Amino acid sequence: MTTRIVELRRGILKKNDELAVGLRQRYAATGVLVLNLVSSPGTGKTAFLELTLRELKARGARVAALVGDLETDNDARRLAASGAPVRQINTHGICHLDAEMIGKHLEDWAGVKLDQLDYLFIENVGNLVCPSSYDLGEAIRVVLLSVTEGEDKPLKYPTMFNSADAAVITKMDLAVPCGFDRWAALKNINEIRPGIRIFETSAKTGVGLEEWLMYLEQKRKGQGR
Amino acid sequence: MHELSIISSVVDTVTESLAAYPGAQVKEVRLRVGALASVVRESLEFCYGIATEGTPLEGSRLVVNELPVVMHCVPCSADVTLEGVQSFRCPRCGEPCSDLRQGRELEIEAIEIEEADEVKK
């Protein structure tokens, strides 16, 4: 018997990474700005996105959303109230969205063409662990954190916060009753992802939204066609 | 949380690569896992036994080589190794670092196989 070491050097998520590269090229070619929204369940991704879609539409932007959940199309129905095209992705037990699911759902999405969109939002499955490993080809990964979750969330889930391009604090209207330590939260986010852009928002009062919308517009213009 | 699907992907990749070595037995599979890869060594090991059952990898060892986070520190103009993942600051000068050089790896490094010697005629 001969023992032999075979070097493989293969990325375990290579298939996903390759698909994500393809998606990223497609997005760039059409000029659509794609954002991947990640957070724990219950942070308020859907409420924040509802408001974002509505406001962007009101300003004449062409927007659409894909929304991932294990089961139900409740979120898609909520988001569709904004008037934007919305498609639900049910993962049936899988804890994250991957590039293949995105590709498939873009492929046969009746009436939606990437080159006719300004923004495509992908609301990931509520989970602060697994979605961090799966590139969806997005231009911007947005991590959301609510004031009810505790200021140390970034320290507990460093991978997700470290891989994000922007952070959104939600439910700021509850900051006082929850005893939210704003300074500690900002410090913890910065400790894990130094210099990241942070938005302090409330989908209820609309606080922080203007700044967020300006950021989106600036990013979309910045990537060019 | 998704360690089982990761290990299943490892089994598929290794099985495919065995096509070049007919009759070989897998002894060991070595992974490189960065501290920011979001996977837990114990979970990988637990899933490995289950996922390899009935495959050419059954009975082989899983070796997980864990890699610390390495950042590039601009003021020090050097790559620096972080002690953990709780603070992304240079351990030398204390400045925040955002240029990640190592830590997200999730890859199959190598496999160790045993090949039957050719029978000489």
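Two strands pair if DSSP finds at least two bridges between them, where strands (E, at least two residues) and helices (H or I, at least four) are DSSP runs numbered from the N terminus. Residues are numbered from 1 along each chain as its sequence is written, chains are lettered from A, and ligands are numbered from 1, in the order in which they are written. The model is predicted: local features need pLDDT of at least 70, side-chain atom pairs count only at pLDDT 80 or more, and totals for chains, interfaces and linings use all residues.

**Figure 1. Strand S6 of chain A and the strands paired with it.** Strand S2 (residues 33-38) of chain A is joined to S6(A) by four bridges, and the two strands run parallel. Within this pairing, Val142(A) in S6(A) is the bridge partner of Leu37(A). S6(A) also pairs with strand S7 (residues 166-170) of chain A, over five bridges and again in the parallel sense. Here Leu145(A) stands opposite Ile169(A) of S7(A). A residue counts as buried if 20 or more other C-beta atoms lie within 10 Å of its own, as exposed if 12 or fewer do, and as partly exposed in between, the C-beta atoms being placed from the backbone. Strand S6 (residues 140-146) of chain A is largely enclosed by the rest of the structure, because six of its seven residues are buried.

Figure 2. Eight helices and eight strands make up the secondary structure of chain A. The C-alpha atoms of chain A fill a box of roughly 70 × 45 × 35 Å along the principal axes. The radius of gyration is taken over C-alpha atoms, and the globule rule is 2.2 Å times the number of residues to the power 0.38. A nonpolar core is a set of buried Ala, Val, Leu, Ile, Met, Phe, Trp, Tyr and Cys residues joined through C-beta atoms within 7 Å. The largest such core holds 88 residues, of which Ala65(A), Tyr119(A), Ile122(A) and Val143(A) touch the most other members. Two residues are in contact if their C-beta atoms, placed from the backbone, lie within 7 Å.

Figure 3. Arg9(A) is not a glycine, yet its phi is positive, near 50 degrees. Arg9(A) lies in strand S1 of chain A and is exposed, with 9 other C-beta atoms within 10 Å. Thr72(A), likewise a residue that is not a glycine, has a positive phi of about 70 degrees. Thr72(A) is placed in the loop between strand S3 (63-69) and helix H3 (74-80) of chain A, and is exposed, with 10 other C-beta atoms within 10 Å.

Figure 4. Chain B has two helices and six strands, which run α-β-α-β-β-β-β-β from the N terminus on. Chain B is more spread out than a compact globule, because its radius of gyration is 19 Å, well over the 14 Å that the globule rule gives for 121 residues. Buried residues make up 30% of chain B. One residue of helix H1 of chain B is Val11(B), which counts as buried because it has 21 C-beta neighbours inside 10 Å. Beyond residues up to four places away in sequence, Val11(B) touches Ala51(B), Thr52(B), Thr55(B) and Leu57(B). Chain B averages a pLDDT of 93, pLDDT being the predictor's confidence in each residue, from 0 to 100.

**Figure 5. The contact between chain A and chain B.** Chain B contributes 30 residues to the contact and chain A contributes 28 residues. On the side of chain B that touches chain A, H1 and strand S6 (106-115) of chain B each supply at least two residues. S6(B) gives the most to this side, with 10 residues. Strand S1 (residues 2-11) of chain A and S6(B) run antiparallel and are joined by eight bridges. Glu112(B) in S6(B) is the bridge partner of Ile5(A). The model scores ipTM 0.86 and pTM 0.92.
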